Amino acid sequence: MKSIILTIASLLIAATVGAQQLPQVAPEKVGLSSSQLDLADNAIEDAVARGEIPGAVLAVVRHGKIARLKAYGNRQLVPETVRMTENTIFDLASCTKPLATATSILILVERGKLRLIDAVSDYIPDFENWSSPDGHKHTIRIIDLMTHTSGLPAYVSEERLQQDFGEASGRTLMQYICSCTRLFEPETDFRYSCLNYITLQQIVEQVSGMSLREFARQNIFAPLGMNHTDYIPCRYDADSDRIRVADLPCWADSEPAWNARIAPAEKLENGQLLCGINHDPLARDLLGGVSGNAGLFSTADDIALFCTMLLEGGCHDGVRILSPLAVQTMCREPRATRGLRRTPGWDIGTAYGSCCGDLFSDDTFSHTGSTGTSIVIDPDNDIAVILLTNCVHPAAGHSVVHLRSLVANTVAAAVTD
């Protein structure tokens with residue numbers, strides 16, 4: 001218990017240091033047109049008016065500065081209406097993959113702890129490689145997990161785990177991942193898979209000897225000054241049907257009402273409103289809220305720091321997170337899977353990358369989250385677009401695919417130099 005308390009304390013202290021939040025400037029100061037950015041506002045406001053989203057926060061970052069940070073609509077609709085604010089904290093869903101998991105893997109590569117071409121089975125001995133009916137074998141490697149070219153299925157339901165193993169738990173989830181049918185030979189096709197990044201989490205934790213939450217906090221978020229970026233672990237209470245927070249997020253020490261700024265997600269069938277509780281079922285129910293595929297919470301201005309770090313070659317405000325060559329590796333296609341349009345952490349041209357719109361450069365990379373979050377980064381034009389919504393509130397079924405593209409196009413058209 002004492003060690004746990006000390007660990008949490010160190011995380012809280014670390015959260016107060018690091019780089020400062022990015023300065024906010026008029027768009028024209030960084031070569032952007034204010035009137036053109038207003039068209040992005042219009043697109044978001046129209047989506048709110050149509051009921052596609054309750055609200056949103058947009059951050060546009062260029063040359064290490066925030067040219068627009070604006071809130072739209074409402075943060076919450078039920079049981080009461082609460083206005084959206086610029087500092088709202090969102091469930092990032094799958095944007096967790098590049099921010100926490102992929103970056104952690106690259107840090108471990110830089111430290112000589114593993115290689116991207118290492119076999120997954122080197123770290124998880126029960127993990128089965130691919131083999132064809134005629135006996136041809138192909139090793140599944142770490143980089144295959146990162147680029148979604150491993151052949152693992154996209155997801156697995158708790159019901160399937162219960163059926164196959166008699167219980168749905170973190171243990172049986174890994175049993176399923178280790179032994180499930182591989183859908184294709186590694187490096188021959190692309191299938192976006194949360195199971196890939198859950199497996200990567202296991203590797204990060206085994207190699208580092210730390211939880212993914214602790215490793216990412218100490219090595220990425222705290223040094224950058226991302227003071228409202230953290231997992232919020234959860235657990236079931238004694239009634240086994242309600243989830244409560246087990247370990248408070250890093251910002252809780254300075255904000256007694258630590259959950260007051262969190263944008264709620266879906267209202268479940270049992271009436272529970274997910275707020276500060278992971279929207280992803282596997283992460284929420286089986287992994288305690290801390291997962292490689294989902295579970296991270298953050299704000300637009302915190303993510304702006306992360307994007308700036310990448311745009312500045314892995315170092316911002318004197319704080320180095322990655323080397324320039326690690327950033328290049330993270331943001332370009334590996335030779336073995338060139339043409340499948342995934343990098344070790346990002347999308348550069350699959351159907352999942354439509355959030356980039358039509359006007360940004362060919363080197364643009366992006367990621368989205370099922371709760372309605374998205375990050376678009378164009379290194380050629382030194383610009384990032386962060387659009388955070390909670391489109392799954394109060395119920396799932398709304399899409400922001402079209403809106404993301406509209407916003408990307410209007411922001412790209414604002415570049416004047």
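## A walk through the sheets, helices and cores

Start by selecting β13: 5 of its 5 residues are buried, so to speak mostly covered (buried means under 20% relative accessible area, exposed over 50%, partly exposed in between, with a 1.4 Å probe and protein chains only). Strands here are DSSP runs of E with at least two residues, helices are runs of H or I with at least four, and both are numbered from the N terminus. Before going on, note that this is a predicted model, where local features need pLDDT of at least 70 and side-chain atom pairs count only at pLDDT 80 or more, while totals for chains, interfaces and linings use all residues. Residues are numbered from 1 along each chain as its sequence is written, and side-chain values use heavy atoms, with hydrogens and water left out.

Stop 1: Colour the two faces of β13 separately. F365, H367 and G369 lie on one side, S366 and T368 on the other, and all are buried.

**Stop 2: on to β15.** Strand β14 (residues 373-378) and strand β15 are antiparallel and share 6 bridges. Two pairs to pick out: I377 has A384 as its bridge partner in β15, and I375 has I386. This is a hairpin too, with 4 residues between β14 and β15, and D382 in the turn has a positive phi of about 50°.

How many residues of β15 are buried? The count is 7 of the 7, so the strand is largely enclosed by the rest of the structure. Show the side chains: I383, V385, L387 and T389 point one way, A384, I386 and L388 the other. On the next strand over, β1 runs antiparallel to β15 with 7 bridges between them, and R62 finds its bridge partner in I383 of β15.

**Stop 3: the whole sheet.** Zoom out. This open sheet has 6 strands in the order β3-β2-β1-β15-β14-β13, with antiparallel pairing (two strands pair if DSSP finds at least two bridges between them). At the edges stand β3 (82-83) and β13 (365-369), each with a single partner strand, so one side of each has no neighbour in the sheet.

Then select residues 300-311. That is helix α10, which lies across β1 (55-62), β2 (65-76), β13, β14 and β15, and runs at about 155° to β15. Axes are lines fitted to C-alpha atoms, for helices over the stretch in contact, and angles run from 0 to 180 degrees between N-to-C directions.

**Stop 4: the cores.** Pick W346 and L173. These have the most contacts inside the largest nonpolar core, which has 82 residues (a nonpolar core is a set of buried Ala, Val, Leu, Ile, Met, Phe, Trp, Tyr and Cys residues joined through side-chain atoms within 4.5 Å). The largest share of this core, 9 residues, comes from α10. Leaving out residues up to four places away in sequence, W346 touches P98, L99, F306, L310, M330, C331, F365, S366, H367, I375 and I377 (contact means heavy atoms within 4.5 Å). Apart from this core lies another one, of 35 residues, including L32, L58, V407 and A414.

**Stop 5: a helix crossing.** Select α5 (residues 158-165) and α6 (residues 170-179). Their axes come within 10 Å and cross at roughly 85°. The two helices are therefore roughly perpendicular (a label for angles of 65 to 115 degrees; under 35 is roughly parallel, over 145 roughly antiparallel, and the rest oblique). R160, L161, D164 and F165 of α5 meet T172, L173, Q175 and Y176 of α6.

**Stop 6: a second sheet.** Here 3 strands form an open sheet in the order β4-β10-β7, again with antiparallel pairing. The edge strands β4 (90-91) and β7 (230-231) each pair on one side only. Between β4 and β10 (residues 296-298) there are 2 bridges, and F90 has S298 as its partner in β10.

**Last stop: N409.** This residue sits in helix α12 (residues 401-412). Is N409 buried or exposed? With a relative accessible area of 18%, N409 is buried. Aside from neighbours within four places in sequence, N409 is in contact with G357, D358 and L359.
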